[in-house]
Structure formats: C-alpha cells, structure tokens
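Open the model in your viewer and keep the selection panel at hand. We will go from one selection to the next and look at what is there.

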Amino acid sequence: MARVTFSSTQQQFTVDAECEVDAGNYRELIAAITSRYPALDRAELLQMAVAIDGEIIHEPLLELVDSDSEIHFFHFIAGG
Amino acid sequence: MAVVDYNAPQSVQEAVALLSGSDIKTKVMAGGTDLIIQSKSQAVEPLRVVDLKHIAEMMSYSLDDGGLSLGPCMCCAEFTALHDVEMLYPGLVEAAYLIGSTQVQGRASIGGNLCNSSPAADTIPALIAIGAKCLIVGAGGERTVAVEDFVTGVGRNCMQPGELLQRILVARPAPGSRDAYLRFIPRTEMDIAVAGAGVSVTLDSQGVCTAARIAIGAVAQTALLVASAADALVGTKLDEASVAKAAAVASAAASPITDRRGTIEFRRHIVGVLVKRATLIAKERAQASL
Amino acid sequence: MSEAREFKYIGQSTIRPDGFDKVTGRANYGADLSLPGMIWGKILRSPHAHAIIKRLDTSRAEAFPGVLAVATHSDFPSVTDQAIESGEGSLTLLDLARNVLAKDKVLYHGHAIVAIAAKTSAIAEQALALIDIEYEVLKPVMDVREAMAAGAPILHPDMFTQGLAEKPTTASNVATRLEYKMGDIEAGFKDADVVVEREFYTPTAHQGYIEPHACTVRFEKDGQSMIWCSTQGHFDVRASTAKLLAMDLGKLKVIASEIGGGFGGKTTVYLEPVALILSRKSGRPVKMIMDRDEVFKATGPGSATRSWVKIGARKDGTITAMQGRLAYEAGAFKGSPVMMGCMTAFTPYAVSNMYIEGFDVVVNKAKVAAYRAPGAPQAEFAVEMLVNELAVKLGRDPIDLRLQNAAQEGTQTIYGPKFKRVGLVECLEAARDSKHYQQALAANQGRGVAAGFWFNVGGQSSVHINMNPDGTGTIVEGSPDIGGSRASMQMMAAEAMGIEPGRLKPIIGDTENVAFSAGTGGSRTTFATGMAVIEAAEDVVAQMKQRAASMWNVTAEQVEWVDGVALNTAGEDRLSLAEICAGADRTGGQISGRGNINARGAGPSFAVHLCDVEVDKDTGKVDVVRYTAVQDAGKAIHPKYVEGQYQGGAVQGIGWALNEEYIYSADGLLENAGFLDYRIPVASDLPMIDAIIVEVPNNFHPYGVRGVGESGIIPPLAAVGYAVENAIGVPVTDLPLSPPRVFNLIQGKG
Amino acid sequence: MAKLHITTSINGEATEFLCEPHETLLDVLRNDLQMTGTKEGCGSGDCGACSVTVDGRLTCACLVLGVEAAGREIGTIEGIGSSDKLSVIQEKFLEHAALQCGICTPGLVVSTQALLEQNPNPTEAEARYFLAGNLCRCTGYDKIIRAVLDAAATMRGAA
C-alpha cells in the first residue's frame, strides 16, 4: 500500500494527516483518495505537483506508484 | 518641454541676442545632462535651446596671478584633468569629479551645475567655500555676483531673462590657503548628495587659522555659507574642539527636508560630520602648501 | 552517474557561442527590431495608487493627427477566469487582463489604463495628454499590516481568504492563508534551553534588469500574428496573449529576442497583448518600449514582507523547534511567493518540530513577479539572522552550529519529501575551510554567515539537433538564454556526441520551430533543457551508429561510438561523424535528433555565504569589504558562468540588503522609479566576490547538474544583515541597511 | 516639426541624417540609423548602456541631442574591433565570461576603451570608479573588472 501524506491545507478537508491506498499509478491513487475523502477537490489535486519517493513531479498523471511508495502533494513550484 | 528649436551661437553676443528675442520658453544648454532629462519628462511645452558649447570662451579657462577664470561650459572631465587648477583648488576639482558618472562628466559642466541651481549641486558649496564669483552678461551689460548670492531658491537663480553666465572667477589662494569638498551618498558613486560640505582654510606659518569659509549643500533650499561656523575656526589651530564646534554650528544652521534621499535628522547630523572631515582635509592641504 | 566520471568538454570554460554578437553590439534585444510601416505604442498610467475610474474618454486622443489606434480594457474579448502559468505559479486570466489594462479601478501608481499607437512615440505621448479621465481617489493600502488590519480599505470586494477552516463571509485583503507543520512545535520549544525570536521586515525590491520590457508585434489580417519580445519564456507569452485575445496558439508566433536580464521579472506579459490589440486596430506593426520609470512602477517587483520567527535549541546545539509566520505583499493582485517562503525557510535544517504559516496579502503596489528564488530570500533572512544569534547565545561557531543541524540525505522536509543527496554539509565545510573564514576582522568590521536553499525545478523542454552534411550541426532549443546557457548546451551536446563544441551551434527556436518548452526560470535550463539536449544528442548518436551499421552490414549493437567516431567491433572499419553525415543522403536521408522531455529529478542547490562589512559609525555607511559565495552546482558545466551566477546573485542580494527599496509617498506614489534613487550596486561599491563551487552530483541528471541560478540570492540578506549586527552590536530587524537606518541603530533609535 | 539635416562622422565614416530637435543622439543612432548596438536602459544617464564617445570623450548618447552631433566625431560600439577581429577588450570580456545577459556589454566595452586610452594601467579601484556609471545587474562586476585589468595588461604588453 502506498502511503500518502497530506499537506496541512489538505488536512483541513481530510482530518487525517496520512493514509494508505492501493494504486498502480497516480490517476488511480487520486481516484482512491477522493472517494475516501470526498471533501478533497479532484480537479485541484490533478493540478498539484507531487513527490513520489522524494522525486518531485510536476505533471504526474500517468506516473507509476509502487506498493511501498511515499506520496506528498504540493503546489507547483516555479522560480525566477 | 519638447525641444522644438536648437541654436548653436558662435559668440556670447549672438547667444545674448538669441536669449532676448524669443516668444517661446528659451533655455541655455551647457552639457545638457539636466536639461535633456527635464525636457523628456514634460514633453508638451515647447522649448527653444541655446547651446553654448560652440562659443570658444565658454569652454576655456585661464589661471594666472589673478586666479582662475573659468568658461562655465567646460565639461567636468576636462576640468578635473587640469593639474594646475587642482594644485590650487583641490576641493573644487573634487566637487566637479563627484558630479555623476564618467559619462556624465563628459558633458556636465560647473556652470551648468551652478545654473541648474539644485540644492544638492556638488560644485556650489565648493565654489562658495573658495569665494567664487559669477560674471553675468546680458543685453544691459555685465555684472558680478558672489556664488552664495547667485542661487536664490530651488532651481532658481538671480539671472534675469536674457542673461547668461559668462565666466566663473576665483581669486588665487595664497600659500597656506586650501579647500576641500566632501559629500555623503548611500553608494560610492551615481547618487545625488544627501549632504555636502565645502571648506577652505587659511593658515599662517604657525598653523593658526586666519580665515575660513564653510559652505554646506543639500541641507537647505540653497547651498549656505555658514559664516558662524567658519568663525569657530578662525584664531584656532584647527584642533579637535574648534573643528567640532564648527561642525555643530554648521549642523545647527542647516534646515534640511525629509525626502527619498534622507531625513531631516540624518542630514543635519551628516552635514556636521562632513564639515569636520572636510576641514581636516583642508587643514592638511593648507599646511602642505605653506 | 558515477562521481568519478571523466569529461572531455564539460567543466571547461569555453567561449560562449553567442559571445561575438554580444561584445560587438550585433545581438538583437527586445527593442532592436523595427519593421516597415511600424508605429509606436505608449501607455497612460495611473497617477494614483488606488482610485475608481469614474469617466474615461479617449475621443480627443483618437482624433489627434498621427494617432492610429487606442486600446483599453474593453478591447479584450470577455475572458473567463482561469489559471495561467507564469513564473509565480498562478495568475488568473482575469487578474492578468486587469493588470495589463485596468478595468474600472486602478490599483497602483503606474497601473496601465489606455494605450495609444501613433506614427512616432512623441505623437503618442502628446496624445496621452488628451485622454480625459476622472478618478475617485481612494485611500491606498501600502503594507501588509495595514492591509490585514480590521477596517482596512478593501482592494477587491470579491476576494475572500482561502485556506481558512471556515469559509469567510467578508471580503479581505488576505488572499490565502497557508501552513506547513511537522512534529509537535510546542513540545519542541519545551525541549529547548535557549529560545530566540524576532520580527523582521524586508522592503519591496525590483529585479532591476537593465533592459526595459520591449516588443515589436504584427497582427496580420489572416490571423497569422507575430510577437518579438524580451522574455524568459516565449511559450508563456504565447499562451497568455492567445488566451487574453482568444486566439489559436497556432496563429501566434512568438520570437524570443536576446534578453537583457530578467531574474524572474520577464516571466509574465505586460506590453505584448496590448501591442497586438494596437496592431490589430491600426493594421500596422507596433513597437512598444517601457521607459525606465514604467519598469519600476508597473512591472513586478519582489514582495515586501513582514515575518516573525522563533527558534529553540538545547544547550548542546540541537535545534528542537522552528516556528514562523510570514506575511508577503502580492501587490495589486493575489499571488505572492509566500508559499515558497514557507517551504524554504527552515529547509536547511534537520529539525523535528516545525510550524510555519503564511499570508498572501494584496496591497496598492504593482503586482509582484517572480524574483530569483521567489520568496526564499525574505524568509531566509529572518531565519538565518536568528541562527546567528542562536550561535552567539550558545557560544558556538555559526558554521559549526549549522553543521550540527544541517539537512542532508534522508532529512524530512517540511513540505513533504525526504531529501535525496544534497550538498549543504559540503558547502558549510568549504566555507569553514576558506581563507576568508580564517581571516581576522579589523576595527568596525563584522562578519555574517548565512545559508540558503532552493528546490530547482525540471519541467518541459524540447530540443532537436539538425546535422549538416559536413558534420556540423544546429541545436534548436526553446529556452531563452539569459546568462550564457547556450554555451552549456553546446558543451553537453558535444560531450554526448564526442565532437568539438564548436561544431555545434545552439540557437533559441521560436514557438513555431521548436516544440513547447517551459520558460527560463527556477534554475531549470541547464538541468532540464540540458537533459533534453543530451537526449537529442544521444538520439543523433544512435542514428549515426545505425547508419554506420548499415554501411558495414552489421547490427547497430556491433557499432561502438568513441569520441565522435563509429567503430565496427566486428571488423576494422571506422567512420567519423562527419563522414556519416556526408553520406547521409545515401543511407536514409539527413540526420536529426530529438529530445522532448518533461524533466524530473531536479536537485536542490544549497548555498552558504560569508560577508565582512566595515561600518562608518559616524554616518552609518556600510562597506562590504570581503565576500565569499559557496554553492553546490551538482556539476558545473561551464565553471566561469557558474561562478558568475554565484557572484551575480550575491551582489543582487547585497543591494537588497544595503540600499534597494521602493520609497512611497504618504499617498502611495512611488518616489524613486529610476536608477538614480533605486540604488542597485555599482562597480565601485564592491570587492571581488570569491566563488567556491561545490560539486555534489545530482544523480538524476546524466552529468550531475543541479541548477545554480537562484540559491545565490538567498543568503546575502542575512549574511550582510548579520555582518552589520556583528559590527555595530545592535540587533538588526529591517532592511535595507541604508546609512540612515544603520546610523539610527547605532544611536539606539532603531 | 521640421527635421534638421545633420552632417557628422560616426566611427570615422561621414554620415548624414535627418532628425527632430528633441531627438537624442541615442534615438538617432537606434531609430534613424539602425545602429542598435548602443542600448537604452534608462534614458537618463544613470545606467551607461548607451555609452558612446563624442570627439573622443565618453558620454551617454541619451544625454546628447542628435543635432549636437553636427560636425562632431561620434564613436559607438560598432566602431570597435573589425568585422573579422575583436578588440583585445572584447576578447577579454569573452575569455573572462564578463557578461551574462549582455545588454550592458556594448556600453562597458566602449567605456573600457575610453578608460584604457586615458589610463593604460588602472588599479582595480580606478577601474571600478571609472566604470561606476555602467550598471550591470548580472555579474556582480567581478569578472568585468578582471577582464578590464587583463585587457589593460595585455594591451600594455602589446604596446
């Protein structure tokens, strides 16, 4: 089961700080957590960047998720 | 002011005639470093320009026993390279060197700095400190005005329409008499003075100060000649206490404003520091000249 | 990659391929293109900081001889609200349209209202004076404290704070509240023996690029339009402009001119959509160039910030808790980089208990834009000042204390992931071992140490390499070259292909001749576009091997590629790259390689700076007497340009710390919109800046690159700030440390 | 407004142009003569990007009226180095990586040439003060100053 850690802002909607989900890729992962936490906005989640096992990915839609992956959400980081 | 008419007279007489006979606003141009920027910022009002740089005597200088006679339009880069002038008037040369960048010095002149009459102009306190005079010419003839009386307000001076500054005159300093100019800016270059101080002192062979002039800039509507500050130096050996007193008197004489370049309190303080430091430099130079 | 890898070209300092044009004046920047029949556009800007436009009548201006077009906000097709990606993350389309040309209300001094195109710029300026406009002037809000206070004038009556647990019912100047936490902050402070805390202020500061914004555009009746402009991301200009004007992307070609500095400030649009409207209306090509005062008044500065930070540590030096509250000015529209401030502030430290909250606050100033490591310098200023104070309270050397608490591989970050391999410890050690750190200070001098962290980003880059029949080639990339990146691209491709860099010419393609590439920003170009270049070069090599194999009648696997030469492992044959190119017509046509990627695996770059200052205690003037910038490059492709990034970042930060600030009147009018009084450092203000390159490779990049553009501006605020504190013995809280402020601190009137 | 006919010399080449009295030399160079090597950064003499020489003296083209060029000798970046050979100063700027974005570079090359003509052996401080009017926002000046001092040494050696 992949372990998902929610950002502080997301925790306002999930209450839980983290959860475990069964998913093969990022799209399935989003489907799983939005069904468990309906207050999370799916469209917004799909626009967020994500770190899968520490690697920051900006457009993760088809990204593979391992059964022991650690997932963190955050907003798109840009720069100067 | 959009420049709509440009004239480059070859003689002072021609320039004076151009200044008198115009129905649109007319300004003389030396280096143009202030005028051109001002003309860009208000592009609506038409402006006639009389460029003085084609008049040979406006660009030349002479230095003899009578002192310095300076064509007001000589650019600062040329002026600051005059070693004979620097030997006698190091403070004035310092002030000219401080005007703007190398590029600006390639255009800007002491006469332009004076006639633009900014409270923060660097050469004005330096000129006042050495007792410089302005030779003004107009349709009605010539007159001479001390620099401290020349500037009458922010961007204003005593010249009437149709007049122009023909010469800047400075007496030759005696041995034992030298000047210094310092200004304070936040950076090391490229700023307008937050405060400035020009000082000249005359020492006798015993090192006693027999005469002094102190002028401060950017701390009032015009540069100020502070006679009372100079009085604190006369009769002393420019020891720490008398210099500190002169600085305090100069600070007290200042009536600065708060703006983007400094506050009242800060300017008042800084001008005192500058008077003190400039006095010590002038003292050293005066001693060396004996 | 292996750390011991030997490179043939990487790591040398070659002459940049665009160098000749740049030192001879031939390089063409934003203002350098003129077209036949071209006319000039100028903009009327608000003389007020906050006002309602009661009446706007452009008829007299339109009738003025020589005027060919007038544009206002009503010329935008009705736009729906949607996010637009820019350097700062998100700016909604509606806000962007209202920033480019004000609608109903002006929100800052210099806010654009009307644009006029005329035969000459002088005529356009004269016509601006004929626009009849009436304002109802409103009280401006110029600081986050004022903006957040109860009863403050509200900039946007439809803006409600996001990120609150309960949905607010009244409008606010706070666009967003956000927080990050880790561990138990209260327990962390209970565990502490020493606690330091302070409030800090940083002023509005501008990127200060020397080239003003400029563009030349042409709208054609068949809808095929062209924009030539100075930008960090021409694909972003295309996206924003096309959306604002409801155009197809395929009908808008954007050509990136050479760019005269950006530092984040050229990641959004100001002039381009306006110029295109003027061109459409006039049927003529239009050139627009901002004056310098327009650049200062109306283009994105960096956020002014107020922050409060508190740090606790045990006697042994272990930091047990870090807490912060950051409020960032967004300018007139939401979208400050406070999120990145929150994410970076504590990240140089491995600490179990952290809590930080951030506020994105609108005020009556120009909308902020990205500025080099957006949000991080302001946050790190607060944190690093306090870490230095903590070192004093603990009786510890400041570098030693940082080493004890430094983030490293496996450290949990406050924003989520754990660090992979990072080089902070190596940077701290290099700073500690530097000659600078061993040198004793003289009278009236002080020393500051500070660290900084930036994520670096990846993202999309597209490259193709077209080989010529003589074995030379063109690298076509989509990332505007702002600081010499073409040299790095050339070297990376040369390394991958095994040929002399000079055989390859890198160019920046326009939006029609290279596929989408994200803008130059976030320290991503050498990393991400570099990866795309390597991929394209490897594609070329694979094709070379294939061609050689077909000549020799062997399989591609039997061909080895060594130093630009194909070797037949099944025989003695060899074919050079040039020979393969020369015969390409007979082996299947010309060869081109492609690398279109969405790069991931960007490696953070940590920086550590040392600063010595000397303070004139009579005047408060601060002189930087020695400065050292240490930073982890991962791998320095072109060491001199890497050093240049460190030095340039350091000096921008020194300017921010010492003299740069926006000065406003009581009415909210900007009083120093020029280089005369917005005081960026000049050559005589500075010593040489020692640059120390640390190389802890980023294993996600084939050559180990991390990206170096941004981290260098993060440490200077505190390095300079603490050096001043150390010299004068008085706590420093507010920037800039201009002479009056330092003098007041010395006098005890801080 | 009637345009004025001006006869001048630019980089040693006799040149004529028409300009309005309000146009600056910078406007004329860039817009009328298409000599865009001289850059505009501020229009107020504060950045040095438009550094040129007038009768051999360094100045900012934005602080000179176009009409003032009459009878003068104007020097711009286009006159430095030849079409196939860079000047020593230009070579040293490239060798030392003394430019990043490059917008200030033409002005700095022109100013450096003026410095080294006046003072072939400047100290670091003299070079820094002489060039204080040429703003650079990218490099922090370190590599520029190194390039200038190296160019000076090379030119002295060659002389």
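Start by colouring chain C by domain: domain 1 (19-27 + 458-599), domain 2 (39-138 + 211-260 + 266-298) and domain 3 (305-456 + 603-746), with bounds from an automatic or database domain assignment. This is a predicted model, where local features need pLDDT of at least 70 and side-chain atom pairs pLDDT 80 or more, while totals for chains, interfaces and linings use all residues. Residues are numbered from 1 along each chain as its sequence is written, and chains are lettered from A in the order in which they are written.

Next, select domains 2 and 3 of chain C, whose C-alpha centres are 36 Å apart. Here 20 residues of domain 2 are in contact with 20 residues of domain 3 (C-beta atoms, placed from the backbone, within 7 Å). On the domain 2 side, β5 (89-92), α3 (93-100) and α9 (292-298) of chain C each supply at least two residues, and α9(C) gives the largest share, five residues. Helices (H or I, at least four residues) and strands (E, at least two) are DSSP runs, numbered from the N terminus.

Finally, select chain B, with its twelve helices and 14 strands. Its C-alpha atoms fill a box of roughly 55 × 45 × 35 Å along the principal axes.

Terms used
Contact = placed C-beta atoms within 7 Å.
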